[in-house]
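Biologist: Before I use this predicted model, I would like a close look at one part of it. Please describe that part in detail and state the cut-offs behind each term.

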Amino acid sequence: MFLCWCLSLVALIPLTTSINPGVKVKLTAKGIEYGRQLAVASILQKLKTIKLDDMSGKVRVAIGKVKYRLRNMKMVEVGLPNGCTGSGNWRVKYRFIKDSGSFKLNGDDISFSTSLSIKTDPTGRPAVRSIDCGANVGKMSVRFRGGASWLYNLFKKKISRAIQKAMQKKICPLVANAVSDMNNNLKTLNVLAKVDKFAEIEYSMVASPTVSKTSIDLSLKGEFYNTGKHQEPPFSPAVFSLPPQINNMLYIGVSSFTMKSAAFVYNTAGALRLSITDNMIPTTSPIRLNTRTFGAFIPQIDQRFPGLMMKLLVKMAKAPVITFEPNNATVQSFASVTAYAIQPNATLTPLFVLNLVSSVGARVSVSGTRLAGAVTLNKMDLTLGTSDVGDFQVSTLNNIIRAVLNFVVIPTMNVQLAKGYPLPTLGKMKLVNTRLLVLKGHLMIGTDVQFTG
């Protein structure tokens with residue numbers, strides 16, 4: 001219940017202008033039950049703190065008026081809906097007779113209902129503003145200990161009703177306090193989550209949640225933006241739906257749109273470029289970034305620039321294209337490779353520009369609460385863009401460029417991809433029993449959830 005409240009309240013974040021979501025979240029009946037257990041545990045902890053105010057008064061019985069006082073009343077055990085037990089001390093006076101002792105309380109059952117009034121706070125997150133509560137404590141029995149039973153048995157029923165009413169008055173403020181604790185949890189919603197210095201991802205709502213007896217379905221924007229600058233990409237999310245699943249508490253669908261928006265953002269930020277020098281090539285490789293190595297395939301390079309080291313600049317010509325098919329994720333990239341000779345004074349002399357179209361296979365995984373990845377080179381195609389050293393057969397450079405990709409570019413990409421980006425989460429949320437499927441047009445993550453605090 002607590003988890004359900006928290007997740008469904010996300011709907012109160014101002015809706016964005018997107019039509020289709022980039023990310024979908026489904027909380028199943030299993031997840032709803034886990035949330036209910038969290039709610040019950042939280043409320044029980046509050047109810048166990050109940051301490052009733054001291055009571056005193058006069059009760060008219062058959063033999064006259066009896067003065068009483070009840071002190072130190074507190075709860076010992078509380079269960080929902082099973083009831084409660086408590087303890088306290090009693091003292092009575094009838095004419096010249098004084099008596100005292102202790103007592104035990106037993107309540108048959110406890111029930112309550114709440115309705116919440118929710119508004120968004122200045123950060124755009126939902127917050128509980130007011131709570132209406134109704135509470136009921138079943139028949140309360142009191143077992144007195146010590147003293148003369150004939151005396152306290154005269155007014156035991158009236159005392160039981162008074163304690164019952166006092167209990168009912170105490171329950172709702174504590175329930176309200178427990179529900180209000182949601183505000184602290186709601187503040188942890190990563191509606192706008194930082195990924196790194198280049199990007200952030202937005203998980204605002206694009207539609208009201210769909211709530212049924214068996215699930216809560218949320219539609220989130222799931223779009224990457226350049227940090228501090230929300231520029232929409234020249235493409236929109238397509239419709240996708242999660243296949244029916246019930247085994248896990250939570251299912252998260254991540255569309256190819258989300259990944260494409262990431263590629264667009266990083267390309268716009270100029271982050272998809274890499275300068276490669278010889279010290280980045282493994283020392284065991286026979287291929288070196290110098291004019292001698294390249295001169296073996298393009299003689300005019302070694303003739304014009306003998307004995308010089310070289311530098312390659314790999315940068316994207318446009319954002320990569322990400323495709324999800326069943327059990328297969330691929331990325332097609334369109335890049336340029338510019339080769340320079342490094343002069344003794346560190347001046348860069350351009351040699352040639354290659355057009356590089358490559359396809360990589362992507363392996364996607366969940367690491368903690370982040371979606372991570374790794375890529376491997378499938379195939380590549382080289383064509384000549386421009387040349388400052390005359391014509392040459394581009395195909396002769398295939399092995400060199402492939403080695404550079406495998407030794408430097410792919411490992412560098414994988415270091416970044418391994419860091420991943422944050423999934424939509426709430427509070428100290430831990431994903432367990434997680435599995436990931438690649439489906440047509442989207443990824444589906446099935447997971448159970450644990451809250452550690």
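**A close look**

Modeller: Ala-199 has Asn-226 of β14 as its bridge partner. The model is a predicted one, in which local features require pLDDT of at least 70 and side-chain atom pairs pLDDT 80 or more, while totals for chains, interfaces and linings draw on all residues. Residues are numbered from 1 along each chain as its sequence is written, and side-chain values rest on heavy atoms, with hydrogens and water left out.

Strand β11 (residues 199-202) runs antiparallel to β14, the two pairing over 4 bridges; pairing requires that DSSP find at least two bridges between two strands. Helices (H or I, at least four residues) and strands (E, at least two) are DSSP runs, numbered from the N terminus. Strand β14 (residues 223-226) is covered on both faces, with Glu-223 and Tyr-225 buried on one side and Phe-224 and Asn-226 on the other. Buried denotes under 20% relative accessible area, exposed over 50%, and partly exposed in between (1.4 Å probe, protein chains only).

Helix α6 (residues 256-268) comprises 13 residues and spans 18 Å between its first and last C-alpha, close to the expected 18 Å, the expected span being 1.5 Å times one less than the number of residues. Of the 13 residues of α6, 10 are buried, among them Phe-257, Met-259, Phe-264 and Tyr-266.

Asn-290 lies in the loop between β16 (273-277) and α7 (291-295) and is buried at a relative accessible area of 15%. Its side chain reaches the backbone nitrogen of Thr-293 at 2.7 Å. Asn-290 and Gly-307 are 17 residues apart along the chain, and their C-alpha atoms are separated by 7.2 Å.

Helix α9 (residues 398-419) has 22 residues and reaches 30 Å, close to the 32 Å expected. At Leu-405, α9 bends by about 40°, an angle between axes fitted to the seven residues ending there and the seven starting there. The buried residues of α9 include Ile-400, Val-404, Leu-405 and Val-408. Just after α9, Gly-420 takes a positive phi of about 70°.

Terms used. Polar contact = N/O pair within 3.5 Å; in protein donor to acceptor, adjacent residues only side chain to side chain.
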